[in-house]
Amino acid sequence: MRKIKDILKLRFITEISYRQISRAVNVPSSTVSDYCKRFEISKCTIDELLEIDEDKIYQILFPEKLKIDKTTKRPLPNFEYIHKEIAKKGITFELLWMKYKEQHPDGYALSRFKELYYSFKNKISPTMRQTYIPGHQMFVDYSGLSVAYRDAITGEIHKAQIFVAVLGGSGCAFVHATPSQKQEYFIKSHILAYEFYGGAPKINVPDNLKSAIISNNKNGIVVNESYAEMCRHYNCGVEPARPKKPQDKGIVEQAVQGIQRWILAVFRHRTFFSVDEINQAIAPLLDQYNSKKSRHLGASRYELFEEEKLQLQPLPANRFIYKEIKIATVDLSYHVKLLDCYYSVPFKYLSEKVEIKYSTALVEIYHKSRLLATHPRIHRVNARSTLHEHMPKNHQYQNEKMNPARLLNWTVSIGENTRAFTQKKLDGSEYPANAYTSIIAILNKAKVYGRIELDMALAYALSINATSVKSIESILSKKLYVQIANNVTSTVINNHENIRGKDYYK
């Protein structure tokens, strides 16, 4: 029908023969003749006919086609109702058709009933061909096929997961093998993909795996916070594919299939001993895959990528550092606990919930998206990182006036037992400044009882694990340390080299 105008123009304007028109528009000469004769009967001018659309021309040339036999017309089913009902569990076309026939005994048969419904359904949910803007979207997915590798030490077989990223404009693919699909590896694969392309897309389109999307339903999309932070670092948005809608990411589905055929299939008889070895083997095959010329495009993915690369966003100066995130409560010593280590925050945030973002090198503490503190990551169990400005004023003064080093220097003049007791007291305190008062009170006992007595009392206190000021005062006042002192003196005297001993006189 679209060729009617061309035929009429060639016949009545160009004035060529039916046979020439037939060859020009690839239509039988009998059809050309029929169109031209119908035009002559219509009594329309060629200029009038060329100004109206094809459907109107068809109605003018073929008026008999418009006649409809109304006697054969039957009542149509309620397609909107059928569309809602058929989605329910247990509802069949037969049940809906029987209900339709009860209301309209002269209605359509079951087969025609189904045909009419599917015709309606195709109109309300047509298939749309996806078009992609260069540099706009990067689609990511994991291959269903994995690559096995053997642990060189234990001999255990593991399966490497294959991450695939594809740019929408050029179809240029990136492939990366990882030990698992855990979030840290998922994010690392993204970073390597950006560096492979030399830029970042505006939108990431992941599947709905938990490393990227916590939930994607009618209530909205919840993006994993670590993944969202990585996207913010590279100034990317996140638009996950709809659940159970593979057509949303058809380009990466095709790429995964291509990677499986042209790369993973090559490894089927090869033995690997590490994930790094797999990635080294992937690199040259990936270059070959991206360099292959597409028959329908007439260019390779790399050639198309050279144009798309100009549309990518430039990479930031610093590479994204993956950070874990944890929610914690500030304790009464204005510290938060992270992996058995403690980090300070300003004391006014006592008992507040804070968000901790940490990497292998750095710890950042946030309160309602506001950065409160930054600490270097510490790894020694029960170690503390305390910033002076986070302390209350009285703690700051106490910290300036007294500190662990000064206390330990003080103990040198008293004795080794005193030093050991003081060190234990500092180590056992949740925050060293909290122990200063009691340590000072104990060391001042030397002015009342003498340095030797205090040192012996603290030796006894260490032996019974007593640390409070009240316990030390009791030991000193009751001279409980004398028993240890006598045992030590007796042992020293009896074992002295100048003592002959009772056996000498036998």
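Student: Why is Arg319 called partly exposed?

Tutor: Its relative accessible area is 46%. Buried means under 20%, exposed means over 50%, and partly exposed is what lies in between (1.4 Å probe, protein chains only). A value of 46% falls between those limits, so Arg319 is partly exposed. Before we go on: this is a predicted model, in which local features need pLDDT of at least 70 and side-chain atom pairs count only at pLDDT 80 or more, while totals for chains, interfaces and linings use all residues. Residues are numbered from 1 along each chain as its sequence is written, and side-chain values use heavy atoms, with hydrogens and water left out.

Student: What makes Glu195 and Arg319 a salt bridge?

Tutor: The term asks for a side-chain nitrogen of Lys or Arg within 4 Å of a carboxyl oxygen of Asp or Glu. The closest N and O atoms of Glu195 and Arg319 are 2.8 Å apart, so the pair meets that limit. Glu195 sits in helix H9 and Arg319 in the loop between H13 and strand E9 (324–329), so the pair ties together parts that are 124 residues apart in sequence.

Student: How do you know how far apart Arg112 and Glu115 are along their helix?

Tutor: They are three residues apart in helix H8 (residues 110–124), which means about one helical turn separates them. Arg112 and Glu115 also form a salt bridge, with their closest N and O atoms 3.1 Å apart. Arg112 has a relative accessible area of 37% and Glu115 one of 47%, and both residues are partly exposed.

Student: How many salt bridges does the structure hold?

Tutor: Seven. One of them joins the side chains of Lys337 and Asp340, at 3.7 Å from N to O. Lys337 is partly exposed at 40%, and Asp340 is partly exposed at 37%. Elsewhere, salt bridges that share partners join Glu229, Glu355 and Lys357 into one network. Side chains of opposite charge can pair when their charged atoms come close.

Student: Why is Ser351 called exposed?

Tutor: Its relative accessibility is 51%, and that is over the limit for exposed, so the word applies. Ser351 lies in the loop between E11 and E12, and its phi is positive, about 70 degrees, although it is not a glycine. Asp340 also has a positive phi, of about 65 degrees, without being a glycine. Asp340 is in the loop between strand E10 (335–338) and strand E11 (341–344).

Student: Why is Met138 called buried?

Tutor: Its relative accessible area is 0%, so it falls under the limit for buried. Met138 lies in strand E1 (residues 137–142). Leaving aside residues up to four places away in sequence, Met138 touches several residues, among them Ala165, Leu167, His190, Tyr194 and Val205; a contact means heavy atoms within 4.5 Å. Met138 and Gly168 are 30 residues apart in sequence, yet their C-alpha atoms are 6.0 Å apart.

Student: How do you know that the span of helix H12 agrees with its number of residues?

Tutor: The expected span is 1.5 Å times one less than the number of residues. For the 17 residues of H12 (residues 275–291) that gives 24 Å, and the end C-alpha atoms are 24 Å apart, so the two agree.

Student: Where does H12 bend?

Tutor: At Ala283, by about 30 degrees, and Pro284 follows within four residues. The bend is the angle between axes fitted to the seven residues ending at a residue and the seven starting there.

Student: Which residues of H12 are buried, and what covers them?

Tutor: The buried ones include Val275, Ile278, Ile282, Leu286 and Tyr289. Their cover includes strand E3 (157–167), helix H9 (183–197) and helix H11 (250–262).

Notes. Helix = DSSP H or I, 4+ residues; strand = E, 2+ residues; numbered from the N terminus.
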